[in-house]
Amino acid sequence: MNSFSLKFDSFCLILIFVILGIPNGYSQLMRPPSGPPPEGKIQGELLDSITKKPLVFANIVIQEALEKKDVDGGLTDDDGKFKIKELKNAKYNVIATYLGYQTKIMGPYKINKDVQEYNLGKIYLSPTVTNLDEVTVTGTKDLIENKIDRLVYNAEKDVTSKGGTAADVLRRTPLLTVDLEGNLSMRGSSNIRVLINGKPSTIMSSSIADALKMIPADIIEKVEVITQPGAKYDAEGTGGIVNIVTKTKKIQGTSGSIYTSAGTKSSSLGTNLTVRAGEIGYNANVGGFFWRGKGDQHVERENLLINDDPYFLQTGHSKNYGGGLYGQIGADWDLNSKNSFNLTTRFPINLFHNDNDLTTYQGDTLANLPFAYRRVSDALNRNIGTDINLDYKRTYGKETEREFGMSAQYSYSNRKSEYETDQFDELGVRNYRETSPNLGNNKELTFAADYLHPIHKKINLEVGGKSIFRNVFSDIYYDTLDLSSNNYLRDHSRDNVFDYDQNVGAAYSQLTFPILSNLRGRLGLRYEHTFIKGLTEADANDFENNYASWIPSGLVAYTLKDKSTVKFSYSRRIQRPSMFYLNPYVNYNDPSNISYGNPELKPELTESFELNYSFTKDVKNATISVYHKITNDLIDNYRFVDSLGRTNSTYNNLATNYSSGVSINGGIMKLGKIILNATANLYYQKIESEQFDGLRNDAFSYSFNGFANVNITPTLGISFFGFINSPKLTTQGKQASWYVYSIGLRKDLWKKMGGLTLGVDNPFTPKTNLKSEFKSESFSYVSDNKFEAWGIRLSLDYRFGKMEFGGNQKKRKGNLNDDLKQGEEGGSGGGGR
């Protein structure tokens with residue numbers, strides 16, 4: 001073991017022991033205010049409105065009125081009576097539900113030092129026309145929810161994405177953009193950290209576009225978008241954090257669902273199951289999926305550094321398809337009312353296949369270029385991974401928000417990317433064959449601890465720390481076919497081994513406090529120290545880099561008389577490059593247009609400011625945000641022409657990005673009848689570089705998406721979705737505008753325990769264009785690719801099991817590594833071709 005590892009291991013061990021001692025130390029130094037715990041009570045009696053008889057074992061949910069969050073609950077007794085005790089000071093709604101009766105929502109009721117108890121007396125529920133055999137009660141949620149620090153998109157309510165993938169769900173999420181190649185961005189920035197159930201995955205570090213295709217839309221419950229993360233979150237993700245929450249419920253008894261879909265672009269089959277008896281529960285999501293796509297390619301390039309044959313024209317077509325298995329299994333154990341454990345493992349297995357037929361023409365005149373060669377390529381990417389998470393949570397009773405948690409995670413991804421390329425002359429005779437497997441793996445081990453302590457009634461202090469150990473390994477080699485002997489020969493001049501260690505130690509502190517009765521504040525400071533050591537065997541280059549980062553953040557929220565909120569926030573974020581950007585593996589699939597990663601990339605640093613106004617009243621909601629961001633050492637795609645006339649595509653830190661804009665989100669939700677929601681984002685983006693002489697690229701950009709759902713009858717609904725995005729700006733060029741739209745029809749079956757959904761994507765657009773333009777002093781590059789846009793799919797789902805009783809469901813706040821800049825479009829650039 002080298003001195004570097006010893007020093008870092010010692011540092012991390014000390015950090016962990018210090019963190020583990022936090023609960024005891026703080027419990028001695030900062031005890032919560034003395035006095036008896038809150039004794040808030042709400043009680044009542046539930047009766048049939050016609051017979052006046054008591055409703056036995058009816059479900060009562062206590063919901064926090066402001067956040068619309070279920071905090072407690074229970075069942076009525078043999079006399080139809082209920083009593084919910086030990087409610088802390090807050091405003092609550094009371095939701096009464098019973099099989100075959102209309103749901104009744106009452107409140108809000110304010111518990112404080114003056115009013116500790118509400119007796120609601122006799123509450124009458126009216127029978128519904130149709131008696132359901134079973135029902136799931138989870139409280140009512142809007143399609144879009146605006147929390148103090150995040151926007152929540154409840155994907156369960158959107159039928160247009162059923163049978164699709166996670167990319168379809170994120171494409172419908174306000175503030176997010178997923179282009180036709182699967183690249184994810186937020187307000188024009190692709191520097192986003194994607195989490196699954198609050199945790200990272202090494203699968204995401206290779207390519208977000210590929211990873212999103214691995215997750216079926218039917219298992220996604222909601223998507224959380226955090227534009228200004230606080231100090232508790234890792235400092236990575238300059239554009240923000242996206243958390244995909246899958247469907248895992250905490251209930252008594254057994255419940256689950258089965259879903260299947262078949263379509264022209266994607267198909268899936270799977271099930272989720274939850275079993276709970278007393279303090280122990282088990283849950284599982286298991287399924288398989290398949291997707292396909294095809295398109296046409298047209299690329300024009302000019303080498304401005306040469307006079308002979310400077311023009312290139314490439315035309316062809318491609319087919320993409322893939323599939324695999326997705327599994328998630330978990331278990332939770334409530335040791336008692338204050339201590340709980342949770343164990344979860346994910347094990348995706350995925351295959352992506354690409355067939356590409358590309359003909360290249362090269363000459364002196366673009367209008368009449370002679371044939372150069374034709375290449376037929378077969379590329380296969382195989383990814384096997386696992387994430388294992390163990391969480392411990394300690395609470396201290398309903399009278400306090402005090403909480404302590406520890407998390408550990410091991411994440412592993414093994415990826416094999418290989419291609420086989422045949423080259424043909426004008427007569428169709430093969431004159432060259434090459435194959436290249438890239439064997440790589442990514443390993444992460446993480447330990448984290450978090451502690452929340454209420455110093456005063458409305459003042460919370462949060463502290464914590466984390467240690468992350470990462471290793472990226474890639475073995476690269478190329479074989480060419482000797483046509484005379486029909487044997488493969490190793491091309492050792494292109495061999496390379498990439499071994500990269502990145503370790504991070506972090507600690508943070510965050511304070512939430514009132515300034516005035518209707519003005520709240522949050523201040524945070526995070527410290528991260530990064531240790532990097534790597535080796536590239538081809539040039540015998542050892543490199544090492546250690547650096548410290550101080551990450552401040554702050555938020556002020558003012559509540560107006562109409563309960564609308566104005567917020568101002570600031571945060572500093574860093575963005576470390578992931579394997580996708582670092583891997584030096586060179587893809588020679590097209591010998592005139594090669595791509596690879598850059599192991600010498602530096603992290604980005606972003607300063608972000610945001611002013612936000614949120615309004616919710618009755619069935620209407622609206623949010624307006626004005627923001628400004630400055631990103632130094634921007635990690636961006638960079639193209640240049642080398643001495644052999646080849647276009648090289650890689651990544652660098654040679655620019656600064658400025659982005660200022662406004663986003664507006666609004667919606668109307670009338671329960672059981674109509675849901676409308678729309679988001680508009682307009683921003684000005686400028687990219688400047690001192691390394692490139694006088695380089696400046698700027699433009700006004702926009703995006704807009706809209707969603708509508710109308711229930712024609714109680715069991716038949718129709719949904720519409722549309723999205724349009726302006727050109728995406730890069731250091732050397734831009735991508736053209738593009739759009740998608742879809743229509744969905746949903747028929748509820750089996751007394752609303754399941755249903756049949758028909759979805760159509762882009763029904764009037766068989767193909768859509770994605771045009772890109774890049775230019776520098778040495779080259780110009782224009783691609784005009786057409787993608788299959790039209791698609792149709794039919795989905796069927798069925799739910800089974802017992803009623804879900806809202807109430808004592810503990811919300812887990814795990815947030816392990818949200819810290820790496822992850823890959824963009826699948827199958828391009830470095831790290832995972």
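This is a selection-by-selection tour of a predicted model.

**Stop 1**

Select strands S3, S2, S5 and S6. These 4 strands form an open sheet, and S3-S2-S5-S6 is their order. The pairing is antiparallel. Now look at the edges. S3 (69-75) and S6 (104-111) stand there, each with a single partner strand, so one side of each has no neighbour in the sheet. From one strand to the next, the twist averages 25 degrees.

Zoom in on S5 (residues 90-97) and S6. The two pair in the antiparallel sense over 6 bridges. Which residue in S6 is the bridge partner of Ile95? Select Ile105 to see the partner.

**Stop 2**

Move to Lys88 and show its side chain together with that of Glu401. The two side chains meet in a salt bridge, at 3.2 Å from N to O. Lys88 lies in the loop between S4 (81-87) and S5, while Glu401 lies in the loop between S21 (371-395) and S22 (403-424), so the pair ties together parts that are 313 residues apart in sequence.

**Stop 3: the largest nonpolar core**

Select Leu170, Leu176, Ile220 and Val223. Of the 26 residues in the largest nonpolar core, these four touch the most other members. Next, colour the elements that give two or more residues to this core: strands S9 (151-153), S10 (176-178), S11 (184-186), S12 (192-196), S13 (220-226) and S14 (240-246), plus helix H3 (166-171). H3 supplies the largest share, 4 residues.

Centre on Val223. Leaving aside neighbours within four places in sequence, its contacts include Leu151, Val152 and Tyr153. Val169, Leu170, Thr173 and Leu176 are also among them. Val242 and Asn243 complete the list.

Then select Leu46, Tyr101, Ile123 and Leu125. They belong to a second, separate core of 20 residues.

**Stop 4: a buried asparagine**

Go to Asn356 in strand S20 (residues 349-363). Its relative accessible area is 14%, so Asn356 is buried. Show what surrounds this residue. Not counting residues up to four places away in sequence, Asn356 touches Gln297, His317, Ser318, Arg375, Val376 and Ser377.

Pick the C-alpha atoms of Asn356 and Ser318. They are 4.4 Å apart in space, although the residues are 38 apart in sequence.

**Stop 5**

The structure holds 24 salt bridges. Start with Asp491 and Arg494, whose side chains meet at 2.9 Å, N to O. Asp491 is partly exposed, with a relative accessible area of 22%. Arg494 counts as buried at 16%.

Now select Arg576 and Glu528. Their salt bridge has its closest N and O atoms 2.7 Å apart. Arg576 lies in strand S30 (residues 565-577) and Glu528 in strand S28 (residues 519-536), so the pair ties together parts that are 48 residues apart in sequence. Both Arg576 and Glu528 are buried.

Finish with Asp422, Arg430 and Arg433. Salt bridges with shared partners join these residues into one network.

Note on methods: Residues numbered from 1 in each chain as written. Predicted model: local features only at pLDDT ≥ 70, side-chain atom pairs only at ≥ 80, totals over all residues. Heavy atoms only, no water. Buried < 20%, exposed > 50% of the residue type's maximum accessible area, 1.4 Å probe, protein only. Contact = heavy atoms within 4.5 Å. Core = buried A, V, L, I, M, F, W, Y, C linked by side-chain atoms within 4.5 Å. Pairing = 2+ DSSP bridges. Axes fitted to C-alpha atoms, helices over the stretch in contact; angles between N-to-C directions. Salt bridge = Lys/Arg side-chain N within 4 Å of Asp/Glu carboxyl O.
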